[in-house]
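Look over the sequence and the structure below, then read the points by topic.

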Amino acid sequence: MKKLLVILLLFPAFSYATNIKKITFFKNTQFPLTAFFLKGEQPGPTIMVQGGIQGDEICGVLTAQSLLGSRLIKGNLIVVPRANVLSILLRKRGINVDLNRRFDKNYRKFYEDHLAEAIKFLVSLSNGLIHLHEGSGFYSPIFISELRNPKRYGQSFIIDTSKYKEKIFLEGTVRPILNGLNSKILNKDYWFKIFNTNTLSPFTKYPEQRKSLTYYTLTKLGLPAFAIEVSKDIKDLKWKTTIQLHATQMVLKRLGVTIEIP
């Protein structure tokens, strides 16, 4: 089973996309970064979807990889299933540093910093970002238990602010999705919530988010950016991948990209 998982993580799914190309940064190193460019049947915006920035969050890798087998009807995708190959293989959040905390400056110390620069370049080619994660516990705006409280991230859409400069409406994009998505989830304990970290506020309780890729994409590039977090405490990996894939499909549609998922 372990060997099969490694195979799934290393090799992309067969693609039914009409037009797909790929580019690999840092070939012949221990940290190659492969991006897939999918062109849809009809013109539309280009959205980047990325998984695997933290190696202990396998669900995002499999979800992003599954997109490569989708039929892309409208718009374009840049898909990066394995943002940090070395940490994925070792099943660690990070090797030297947390890659998702290297976007606030132009660092030049570790291999993760080279990856961050390449990811910045890729997202600059897009019109928006969906970042796939797998967090601990279950997000709740109020403390319910050790597994359900404001410090847990699982089963949430994470946004840095409700709206940005009166032209990017993050909460307005994901709020209409909740009912449709949660109606597919029989266990109400697994329902998704919107997690607004209010990162732009000087009083935010989550200042570390200012180093993240979503915050960089929003504030430096002026593009909509969302994180979709499933919970590590849900043990059914197939179910998590399926529901994260549906959530991704719904956000893509709101952003103007239409796909049929396998």
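Is lysine 163 buried, partly exposed or exposed? With a relative accessible area of 40%, lysine 163 is partly exposed. The model is a predicted one.

**Salt bridges**

- The structure contains 12 salt bridges.
- As background, side chains of opposite charge can pair when their charged atoms come close.
- Lysine 163 pairs with glutamate 166 in one of these salt bridges, with 3.4 Å between the closest N and O atoms.
- Glutamate 166 has a relative accessibility of 54% and therefore counts as exposed, the cut-off being over 50%.
- Another salt bridge joins the side chains of glutamate 41 and arginine 71, at 2.9 Å from N to O.
- Glutamate 41 sits in the loop between β2 and β3 (42-50), while arginine 71 is in strand β4 (residues 71-80), so this pair ties together parts 30 residues apart in sequence.
- Both partners are partly exposed: glutamate 41 has a relative accessible area of 38%, and arginine 71 has a relative accessibility of 37%.
- Glu41 and Arg71 also belong, with Glu260, to a network of salt bridges.
- The side chains of aspartate 189 and arginine 148 form a salt bridge at 4.0 Å, N to O.
- Aspartate 189 is in the loop between α6 (177-182) and β11 (193-196), and arginine 148 is in strand β7 (residues 148-149), so the bridge ties together parts 41 residues apart in sequence.
- Aspartate 189 is partly exposed, at 45% relative accessibility.

**Nonpolar cores**

- In soluble globular proteins, nonpolar side chains tend to be buried together.
- The largest nonpolar core here has 37 residues, and Leu77, Phe157, Phe192 and Val251 touch the most other members.
- Helix α8 gives the most to this core, contributing five residues.
- Another core lies apart from the largest one and has 23 residues, including Phe25, Ala116, Ala118 and Val123.
- Beyond the residues within four places in sequence, valine 251 contacts Ile130, Phe157, Val174, Ile177, Phe226 and Ile228.

**Helix α2**

- Nine of the 10 residues of α2 are buried, which leaves the helix mostly covered.
- The buried residues of α2 are Ile58, Cys59, Gly60, Val61, Leu62, Thr63, Ala64, Gln65 and Leu67.
- Leucine 62 belongs to helix α2, which spans residues 58-67.
- Leucine 62 counts as buried because its relative accessibility of 13% is under 20%.
- Between the C-alpha atoms of leucine 62 and proline 141 there are 28 Å, and the two residues are 79 residues apart along the chain.

**Glutamine 244**

- Glutamine 244 is part of helix α8, residues 237-254.
- The relative accessible area of glutamine 244 is 0%, so this residue is buried.
- Contacts of glutamine 244, leaving aside neighbours within four places in sequence, are with Cys59, Gly60, Thr63, Leu132, His133, Ile228 and Val230.
- A polar atom of the glutamine 244 side chain lies 3.0 Å from the backbone oxygen of histidine 133.
- Glutamine 244 and glutamate 134 are 110 residues apart along the chain, and their C-alpha atoms are separated by 9.7 Å.

**Threonine 34**

- Threonine 34 is located in strand β2, residues 33-39.
- With 17% relative accessibility, threonine 34 counts as buried.
- The side chains of threonine 34 and threonine 24 make a polar contact at 2.9 Å.
- Not counting residues up to four places away in sequence, threonine 34 touches Lys22, Ile23, Thr24, Val79, Val80 and Pro81.

**A nonpolar surface patch**

- Leu89, Leu90 and Ile95 make a nonpolar surface patch of about 250 Å².
- Leucine 89 lies in helix α3, residues 85-89.
- Leucine 89 is partly exposed, at 45% relative accessibility.

Conventions
Residues are numbered from 1 along each chain as its sequence is written. This is a predicted model: local features need pLDDT of at least 70, side-chain atom pairs count only at pLDDT 80 or more; totals for chains, interfaces and linings use all residues. Side-chain values use heavy atoms; hydrogens and water are left out. Helices (H or I, at least four residues) and strands (E, at least two) are DSSP runs, numbered from the N terminus. Buried means under 20% relative accessible area, exposed over 50%, partly exposed in between (1.4 Å probe, protein chains only). A polar contact is a pair of N or O atoms within 3.5 Å; within protein, one must be able to donate a hydrogen and the other to accept it, and residues adjacent in sequence count only if both atoms are side-chain atoms. Contact means heavy atoms within 4.5 Å. Patches are made of residues with over 30% relative accessible area and no salt bridge: like charges are joined within 9 Å, nonpolar side chains (Val, Leu, Ile, Met, Phe, Trp, Tyr) within 5 Å. Accessible areas come from the Shrake-Rupley method with a 1.4 Å probe; for residues, only the protein chains shown count as cover. A nonpolar core is a set of buried Ala, Val, Leu, Ile, Met, Phe, Trp, Tyr and Cys residues joined through side-chain atoms within 4.5 Å.
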